Structure formats: C-alpha cells, structure tokens
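Morning, everyone. Please bring up the model on your screens, and we will walk through it together.

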Amino acid sequence: MMFVRLLPVIFSCLLMAAHFSRGGILGLAIFWLFLPFLLFVKRQWVVRVFQVLLVFAMIIWVETAIRLIQMRQAMGESWTRLAIILAVVALFSGLSALVFENKKVKDRFKKKKIDGGVVASILLTAGLLAIVQIKVANPMLLAERFFPSLGWLEIAVLALYAGFLVEKMFDPQEQQKWRLRIWLFFSVVFFGQLLIGLLGAEKFLMTGKLHLPIPAMIVAGPIFRGSGFFMPILFLTTILLVGPAWCSHLCYIGAWDNFASNGARKPAILPRWRHAARLGILLMIVAVSLLLRLAGVDSFYATILGAAFGLLGVGIMGILSRKKGSMIHCTVYCPIGLLANALGKINPFRIRINDSCTECGACTRVCRYQALSMNDVKNRKPSFTCTLCGDCVGSCHENSIEYRFGKIEANRARIIFLVIIVSLHAVFLGVARI
C-alpha cells in the first residue's frame, strides 16, 4: 500500500513540524505540517523537492543536537541520551528520502522534461526570499509584518507558486498567456498594496517614505536627490540576470501598456524616429532632474513634474497604444525601456530565428515591441527593442524561434531563462512595494 510506503516521509515531516512548533517558529511548523499533502501531486519534481527537504531536515536535527549538547555540557548535565535520540531522528529523516527510490513509489510520480526546471525555480525562489527573511531587519514579507515567523510560510507558498508557473509556461503555446496573466497580477498586487497603504494600513508600504511609482523615476529620483540608489541597483542587477526581460515581465507599469496594446488585433508599423525620440526623452529627464537639483527646487514641485510625466504616459497607453496595437509607451516614451534594451545586451540571453523559418509573418503579428519586422525576420534576429518576452516562440508554427544562451541547446536555454525570470517574478511579488 502506497500510504504505508510513504509513512517514513510523512512521519519525518510531522517531527519537523513539532520541532519548529516547540521553537515558536509558527510559519515553518505549518509548512511542515501540511507538506505531506504535496504527495498527492504525482510529479517527479515533488520527489526531488522532498528529498532536498528531508536532507535539510537531517541537517537541522544535527545542528539542534550539537546546540543542545553544548548547553547541557555548559550546565554540567548529562547529554548522552539526548545525543542518541537526536542522532536517530536525524538519521531517520535522512534515510526517509530513500523511500522515493523504491520502484513502486517511483512509478507513482510521473517524469517530465521540465521537472528539473520546476525544482530549480522552487529552490531559487526559496533561497532568495530566505536571505531577505534572515538578513533584513525590517520585515519585507507581508506575512512576517502581520504575524512574526509566518514569513517562512509565505516563502514556501511563493516558491511552490514559482514551480507551478515554470511548469505552465514550459509549453511555448502557453507562455504568452501565462506571462500576461502573472505580469498583470504583479502590477495589481503592487499598486493594490500602495493604495491600501495610502488608505492608512502602513504595513503595506515599504518604509512610509513614498516616491512616484513611475519607471523614469529610477533615473530621475537619485539624480534629483543625490541619494537613494536602491532602485537603480535593483534594476541593474535584474538586467544582469535577465537582460531587457525587465520590461516584459517585471515592470509594474509595462503590464498596463501591454494590456492596452492588445486592444488591436495586430501592431501597426511605427516610424523609425521612435528610437531617437526615446533617447531624447531620456536626456531630457536627466537634464531636468539635474537642473532642478542645482536650482534647489522644492521636492514638492519636482514631484508634480514627475506625476505629470507619468500621467502623460498613461494617456499614451490608453490612446496611442490601444489604437496602434503596439506598446507606444514602452518603445517610444519610457526612458527606462531604452536603458533596459541597451544595457540588456550585456546579458547572454538572446532570441534567434533558425533557418527553418518560412517568413510567414506570424511572429510579426504578435510582437507588440516592434522587434520583428519582416526585415528582422529575414535577418534572423529581433531588433533592438526585443524584451525576450517569448510571445513569438509560441506563435511560430515551424518552431523556428528559439532562446539562445551561449552554446547551450535551445530548449535548455529557454528553461534556464524561465527559471530565472519566474523566480524573480515570485520574489518581486513578495517584496516589491513602495
């Protein structure tokens, strides 16, 4: 009976739940208590997650044993029995991971190509958020702010959420649909928290020191203030990891432009001067911010100018992007989009078109970033404004469009990209607020 075979795993989870409950870490206690329900998911990645966690449990028991033994020795008390009990518990937890090597247990959990990517995204998301949970003094995770130690439970939920998304987006035909969903979801959560915070629930705000949620302020803000470089550093770090995909997956405003542009069936061709226009806007933003600072202009008036710039951008989305079917705000107006496109070239991820392409134009019709004109298709690579969104990959009937990462095989390169970008999405969902 399968339940009997899995009993060591279930019992190990319950022991860990009891351990964290006794230590007052409620979030981890709840996580381990409900973890066995994950065994109902008959997928191979579940096996790998459990094996990693059970080895982690063994390490926790060993660390606990060492700490308690040292305490007993300091107090001059006997510690031999305690050492034996905890050694047995640690060994039992570690060995319970071998349950999944049983053939009948293996047969229960079906294997798919994306299983490694799912596990990687779960571990990467959990690892990044664990660093935030441990190292940041002022709680960043919302659950931790309301209920101390429940941040660990939020980490577990977000990690599993990341794994779920990687599996869903693995099918190229589904990637565009899920990208739009999670991108819009992130934007709603981001601005929803801001609204709730402004209405009086300050725990939904980062620090209470508000700034305009406009991408251009990533550049303008530090120049005007002469300080506050957190957002530029975060932006550049993201660019290093996923290149211009910041614009198509992580920007809290870009999702609006994408939504607006989908109001038209296919994108209209935009004039060539759009690149010069965006460069001009970037230079203007830098110059105005510097002049305001040198002139000693009060931050109130600078904020009004920033808000006006942001509202004009929203108007461009609602009118021009919707009418043209192209993301006018992101490709013509937003200076951060220009920086993402330019600086993103240092990142090794690329989208390329192989020689099986028939030049049917299907990818041209789905690209809202004006990166796949017929000339681009003939040149076998997207233009400067490509944001690695991947919508074109699923649109190609010949499977001619691929993610590239050095000399790594195309399908594996795409999985690596999905793992990183989805993990960042999950992390941003947990910590990004104003």
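One definition before we start. A residue is called buried when its relative accessible area is under 20%, exposed when it is over 50%, and partly exposed in between. Take L283. This residue has a relative accessible area of 53%, so it counts as exposed. L283 sits in helix 15. Keep those cut-offs in mind.

Also keep in mind that this is a predicted model.

Now the overall picture. How many helices and strands does the protein chain have? There are 22 helices and two strands. The C-alpha atoms fill a box of roughly 80 × 60 × 35 Å along the principal axes. The chain has 434 residues, and 50% of them are buried.

Next, contacts. Consider those between residues at least 6 apart in sequence. Of these, 76% join residues at least 24 apart.

Then the surface. The accessible surface comes to about 21,700 Å². Carbon and sulfur atoms account for 69% of that. As for charge, there are 47 positive side chains and 20 negative ones. The centres of the two sets lie 2 Å apart.

Let's zoom in on helix 16. This helix covers residues 299-324. At 1.5 Å a residue, its 26 residues should span 38 Å. The end C-alpha atoms are 36 Å apart, so the two values agree. Helix 16 is not straight throughout, though: at M317 it bends by about 35 degrees.

Which residues of helix 16 are buried? They are A302, G306, F309, G310, G313, I316, M317 and S321. Look at the numbering as you read along. An α-helix has 3.6 residues a turn, so residues three or four places apart point the same way. What do the buried residues of helix 16 pack against? The partners are helix 11, helix 14, helix 15, helix 17 and helix 18.

Helix 18 is our next stop. Helix 18 runs over residues 335-343. Its buried residues are P335, I336, G337, L338, A340 and N341. The cover over them includes helix 11, helix 12, helix 13, helix 15, helix 16 and helix 17.

Back to L283 for a moment. L283 and P335 are 52 residues apart along the chain.

Where is A216? Find it in the loop between helix 10 and helix 11. Is A216 buried or exposed? Its relative accessibility is 2%, so A216 counts as buried. Leaving out residues up to four places away in sequence, A216 touches I285, F309, P335 and I336. A216 and V286 are 70 residues apart in sequence, and their C-alpha atoms are 9.6 Å apart in space.

Now F230, in helix 12. Its relative accessible area is 56%, so F230 is exposed. F230 and I218 are twelve residues apart in sequence. From C-alpha to C-alpha, they are 9.0 Å apart in space.

For contrast, go to F3 in helix 1. F3 has 48% relative accessibility, so this residue counts as partly exposed. F3 and A340 are 337 residues apart along the chain, and 51 Å separates their C-alpha atoms.

Last topic: backbone angles. Most residues other than glycine have a negative phi. Two residues here go the other way.

One is E359. Its phi is near 60 degrees, a positive value in a residue other than glycine. E359 lies in the loop between strand 1 and helix 19. With a relative accessible area of 32%, E359 is partly exposed.

The other is Q370. Its phi is positive too, at about 55 degrees, although Q370 is not a glycine. Q370 is in the loop between helix 19 and helix 20. Buried or exposed? At 14% relative accessibility, Q370 counts as buried.

That's my tour. Over to you for questions.

Methods: Residues are numbered from 1 along each chain as its sequence is written. Side-chain values use heavy atoms; hydrogens and water are left out. Helices (H or I, at least four residues) and strands (E, at least two) are DSSP runs, numbered from the N terminus. Buried means under 20% relative accessible area, exposed over 50%, partly exposed in between (1.4 Å probe, protein chains only). Contact means heavy atoms within 4.5 Å. Accessible areas come from the Shrake-Rupley method with a 1.4 Å probe; for residues, only the protein chains shown count as cover. Lys and Arg count as positive and Asp and Glu as negative; His and the chain ends are not counted. The place of a charge is taken as NZ of Lys, CZ of Arg, CG of Asp or CD of Glu. The expected span of a helix is 1.5 Å times one less than its number of residues. The bend at a residue is the angle between axes fitted to the seven residues ending there and the seven starting there.
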